[in-house]
Amino acid sequence: MRISTQSFARGNVLLCVLCTILVVSLIGANVLLNCITRYNVASSQVRSWKESLDAAETGGDIAYAELRKTISDPANAFSPSNGWTYSGGAYANSPVTYGQDNLRTSSRVDPFYYDGNGNAWYRIRTKGTAPVLGLKRVGMDDRMGPNTRGDSLLRKIDFNYDHFVATYGPNGDGVGQTLVPVVDANGNPQPQISRRVELIAAPMTPFEAAIKAGGTFYGLGSAAYIDSYRSTPPGGPYDASVKTNPSDPRYPDSRSGTVEINSSVATIQGSIYGNLYTNGGTITKKTTSIFGIIDNNVPFSLDRFAMPSTAGWNYVSSPTMITPNTTINPPVVNGVPRTGTPQSPNYYLVTSFANNGNLTVNPAVIGGVAQETYLAIHVTGDIGQNTSSNPTITVPPHVHLEVYFDGNFQTKAENIINTSGYAGNLQFYAISPPTLPNGAPDPSVQQTVNLNSGGGSTSGFSAVFYTPSANFTINGAPDITGAIVCKNFYGNGNVHWHYDRALDTAGDAVDYRILSYVEDIR
Amino acid sequence: MKLKTSPSIAGFTLSEMLVSLSLSSIVLAAAITCGISLQKSFNAVDNYFSTQMQQIRIIDYLNRDVKRGLVVTTSVDLQSVTMSVPKYIIQAGDPEAIADPESIGMPRTPTVAYTTSGWQVNYSPSTTTVVYSISGNSILRTENGVVTTIASSTDQLVPKSTDVELSNTEYANTSVTFLPIFTSGGAVAERTGTSMYATAYLRNKRRG
């Protein structure tokens, strides 16, 4: 008999190797588990949380774009063909899916306030949803404290049901709470994160700056200045001394003579008691005379201006031509002069405005008292055709006149007579010329507005001009109260320009801006 | 009878035992050292990842509040951020909540007012104040007096925020660093190497 002990030695080595492999594998598995957990949080959950805000803000942009169409392209605003429906006083769109991660967004838009001009303010509520890929587990870091839940306080993941709808209802107002399973676009269960933002879109009125030029800017004279005041309480009549007297309570309103230029071509002269914005510009010449903020990175867009709908206006058939002596008195309806309203003015369609035409518009007088009277005149051609043109427009107190014109405007500054002194009472709107078939501006047509100071070099006017497609030229050194929106601006005189801050709120909306942003973090 | 003994199963000599014991000790010591090092490395990596997640959380918290903020100010040492955010949700104690307790947790409808500074949208006469600060090893978020620890680490997490106010917009730059528990001597460099940056614009202060 032979006894061998070699097999024991072999078994011992094998055991040691297996144990070593086990230990190393356990360590490796632990490392892998931790890595996967962190990766799951960092790569899937954090990413989804950020992407869902991106989706929510994208939904806000989509809704905002539709809102802007209500002004620039009303016929196609909130169109059903783009997925929009109208119900319960609000527009809503079906979810839009985009991006390689299949982000989804939907929006709800409803007006919640109307300002004094009848312009609607809209509330845009959007929801952005991003799928949470990877492992369907929390995997959050809960090491902050015994009463906190780490990441889950910040990033609320809906693993099975939409927690927001279940708790607060689909609109977040506590109505209609229900369990809604979270699914992907194909209806399959899919964890997701949703974030919600609420935006307030405010109407932009035409005259928020003293001068707003969509193109180039040159001006004004070296001794010119632009300042501001507020004609309405707590302000009062213009006082040139206020802008250099910080102790005057009206001082804050005296430095809003802002100039906005949407190009880099800006030659600034004179003094600006307000801000100066350009789009990539380099301010030249007397930049030290700009007393407000200079910001060379403020782009904006000026849309074409179309004749607003006259459907609700009170059409008056006469006059149709402005001759050397034309006086408009309000129509008498049932024995009472009709005053009109800002939303429904007395409306006149004029096919001809003589070069030497004199237009006077009178207010309605009832019981011997002049009433606030609202009129709109649409001139389908030019107002003044050449440099010798001398048309005159006279607007006494209590008259609120809006003049729309399709062609050019040319006259002397002194011929714009607004005796109330309030620029908002005389508003000129230049309707943009027709475009080419492809929608581009016709380069062969350039609308112009030319104002010459005329004989009285310092004679000025109180009026506002909204002429986004027109080149605006002003010569001489008139004293101007008002605001101008134009394409290219040129002025070479020592103009004294007073922007009335009451114009901030005057006029119909020409665009919308996002004025408020809040995230619903529930 | 004489037993046959094989030399192959004979005992070790003393010298063989000494050599084998020495070798075994060396191998065992090496294995233990490796194991400890591996465990330390694992702890370090685990801690690093964990702290990095907290970095991300701090930045995400801050950015969320900055984006919806109305005003953001940072302290001189850049380690404290104070911001005002709209009071969007009705909370216990608010006048609306006192009038209608069921309104707690519900959003407010905004109101519009024209001021000498221009149009203003308000959700409530007052705003919510949010403060981010450091307390020991913790990063605190205080909202109207309610404190939440949003991060806590022995790795000396240090968030620094800079509020940059331009003419008509505003943003906050934030960097968060920490000092890993295992360093190789170059502590400054190792802190710098953990930097995480973020920039968030105040959505309520837009150009144009």
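Trainee: How many helices and strands does chain B have?
Mentor: Chain B of this predicted model has three helices and 10 strands. Helices (H or I, at least four residues) and strands (E, at least two) are DSSP runs, numbered from the N terminus. Along the sequence, the pattern in chain B reads α-β-β-α-β-β-β-β-β-β-β-α-β.

Trainee: What pLDDT does chain B average?
Mentor: The average for chain B is 85, and 89% of the residues score at least 70; pLDDT is the predictor's confidence in each residue, from 0 to 100. For the complex, the predictor gives an ipTM of 0.84 and a pTM of 0.81.

Trainee: Let's pick a residue. Is B:Asp163 buried or exposed?
Mentor: B:Asp163 is buried, because 21 other C-beta atoms lie within 10 Å. The cut-offs are 20 or more other C-beta atoms within 10 Å of its own for buried, 12 or fewer for exposed, and partly exposed in between, with C-beta atoms placed from the backbone. B:Asp163 belongs to strand S8 (residues 158-165) of chain B.

Trainee: And which residues does B:Asp163 contact, leaving aside neighbours within four places in sequence?
Mentor: Those are B:Val72, B:Thr73, B:Thr74, B:Glu170 and B:Ala172. Contact here is C-beta atoms, placed from the backbone, within 7 Å. B:Thr73 is 90 residues from B:Asp163 in sequence, yet their C-alpha atoms are 6.0 Å apart in space.

Trainee: Over to chain A. Which strands make up the open sheet of four?
Mentor: The order is S18-S23-S27-S30 (chain A), with parallel pairing; strands pair if DSSP finds at least two bridges between them. Strand S18 (326-328) and strand S30 (416-418) of chain A each have a single partner strand, so one side of each is left without a neighbour in the sheet.

Trainee: How many bridges join S23 and S27 of chain A?
Mentor: Strand S23 (residues 358-361) and strand S27 (residues 392-395) of chain A pair over three bridges, in the parallel sense. A:Asn358 has A:Thr392 in S27(A) as its bridge partner.

Key
Residues numbered from 1 in each chain as written. Chains lettered and ligands numbered in written order. Predicted model: local features only at pLDDT ≥ 70, side-chain atom pairs only at ≥ 80, totals over all residues. Contact = placed C-beta atoms within 7 Å.
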